[in-house]
Every structure is written in C-alpha cells, then in structure tokens.
Amino acid sequence: MVVDDEALVRSGFRLILSAADDIEVVATTTGGEAVDAVRAEGPDVVLLDIRMPDVDGLTVLRELRALPGPPVVAMLTTFDADEYILTALRSGAAGFLLKDTEPDQLAQLVRTLAAGGVVMSPKASRAVWQSHPGATAVDDEEAARVGRLTGREREVLVLIAEGLSNADIGGRLHLSAGTVKDHVSAILTKLRVGSRVQAALLAQRAGLLDDDAPRRSSGSGR
C-alpha cells in the first residue's frame, strides 16, 4: 500500500510496482485514510510519506504500529537527511526510501521489506546521523555492547545494515537460514535493541559501515 498526499506520487508508485509479477498494490491513500485502509486491505508492506498536510506520517506510523499484526512500514521522503527520519526509525519504521528512487530498484526494495530486510543505505543513514550531531557517537555502554559481538556477528550486522534479508545473508556468507536467524537473535540481544533497524543504526554510529572499516573474509569461521 502506498500512502502519500500527492496523487501523482501515488499513481506513479502504483504503476511501477504493479508491473512486477510478484507485487500487488492493494491500495493507495492519503494519510487520513491510511489506518482504515490497512485494516480493510491487510497489506504486508506500507510505503508511507513522512510529510503530509492532513495527517503526518509519524502519527500514521504510530497508529499502524499499534495494530495487531502490523504491516512492515518504510517511510517515503524527498530528503535523505529529513529531520523526521530518525524519529520514524526509532518508532518502528523498517527503513526509508527516497521518492526519486530509480524505478528498477523500487520493486526489489519492496521485496526486501517483505522478506524482513532493512531499507536504509549506508550513505543515506550517514546523512541522517550527520544531521543530528548530538546523536552521532556511541557512548561507552553502547561501544561495549558492540565489542561483545563475535567477528561473524559483526559480518552479519553489516549485512543487516545493508538491507539484506536472512536468506540473502545466508547466501552471501554460505550459512543456513537457521544459523543466520541465530546470529541475528544473538546480535539483537547483545546490542539490547528491539529491531534490525535499531541494530543497523547502531552499526552506523559505531563506524562498522565506513568504507575503510575492517571486514573479515566471508569464508572464515561459522
């Protein structure tokens, strides 16, 4: 489902996504109609505009997260450093997409969301943190939590932050789905976070996603 106050955006996203054989756009709505539409249509994934004049995206997000069995929600924004993105991610959004995302990438991003992945590129997440100077550095306690991760768990965490689902991580690291699931569970527990997005944000703040950060070979260890 696509939620945006601009009819052109809604129709454009519907046209692009409906061209994919494995994606059905069950509804497009404005913010004020969003919660009722989710209740009626039961979408797996909601793309939600973060800035709308009738009901803002953060309000809609909170209401959707309160529903039983809520859908996966990713925020739509025009700016990669939108001041509201950080609040949305901390409120349970599974990531965010820029409205000018290339059409050929859009369907794959929706598939990633549906598979439990995170949609938040390292470049964009850096922009988010750089726009909030007071929140850029990990404190001593957070650093200690990151330090408790094994080398393999760090590898998995980086791939979580790159938006990969468990299946994709398993394929990349030659691990079974069960092993990846165990690693993800251990990572969330050790970092004391409640979601993959929160883990990804902590990875970004800890510098694990920097281009020059050390990466272990995917062929080492289990």
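Helices α8 and α11 are roughly perpendicular to each other in this predicted model. The angle between α8 (residues 151-161) and α11 (residues 196-205) is about 105 degrees, which falls in the range of 65 to 115 degrees that counts as roughly perpendicular. Their axes lie 9 Å apart. On the α8 side the contact is formed by Leu-157, Ile-160 and Ala-161, which meet Arg-196, Ala-199, Ala-200 and Ala-203 of α11. Six of the residues in this contact are nonpolar and one is charged, with no polar residue present.

Two of these residues lead on to Leu-191. Apart from its neighbours within four places in sequence, Leu-191 is in contact with Leu-157 and Ala-199, as well as with Arg-145, Val-146, Leu-149 and Leu-202. Leu-191 is also, together with Leu-48 and Met-75, among the residues with the most contacts inside the largest nonpolar core, a set of 51 residues. In soluble globular proteins, nonpolar side chains tend to be buried together.

Five strands with parallel pairing make up an open sheet, in the order β2-β1-β3-β4-β5. Its edges are β2 (28-29) and β5 (96-98), each of which pairs on one side only. Within the sheet, β1 (residues 2-3) and β3 (residues 45-49) run parallel and are joined by two bridges; here Val-3 stands opposite Leu-48 of β3. Helix α3 (residues 57-65) lies across β3 and β4 (72-77), and runs at about 155 degrees to β3.

Definitions and conventions: Residues are numbered from 1 along each chain as its sequence is written. This is a predicted model: local features need pLDDT of at least 70, side-chain atom pairs count only at pLDDT 80 or more; totals for chains, interfaces and linings use all residues. Side-chain values use heavy atoms; hydrogens and water are left out. Axes are lines fitted to C-alpha atoms, for helices over the stretch in contact, and angles run from 0 to 180 degrees between N-to-C directions. Helices (H or I, at least four residues) and strands (E, at least two) are DSSP runs, numbered from the N terminus. Angles under 35 degrees count as roughly parallel, over 145 as roughly antiparallel, 65 to 115 as roughly perpendicular and the rest as oblique. Contact means heavy atoms within 4.5 Å. Ala, Val, Leu, Ile, Met, Phe, Trp, Tyr, Cys and Pro count as nonpolar, Asp, Glu, Lys and Arg as charged, and the others, Gly among them, as polar. Two strands pair if DSSP finds at least two bridges between them. A nonpolar core is a set of buried Ala, Val, Leu, Ile, Met, Phe, Trp, Tyr and Cys residues joined through side-chain atoms within 4.5 Å. Buried means under 20% relative accessible area, exposed over 50%, partly exposed in between (1.4 Å probe, protein chains only).
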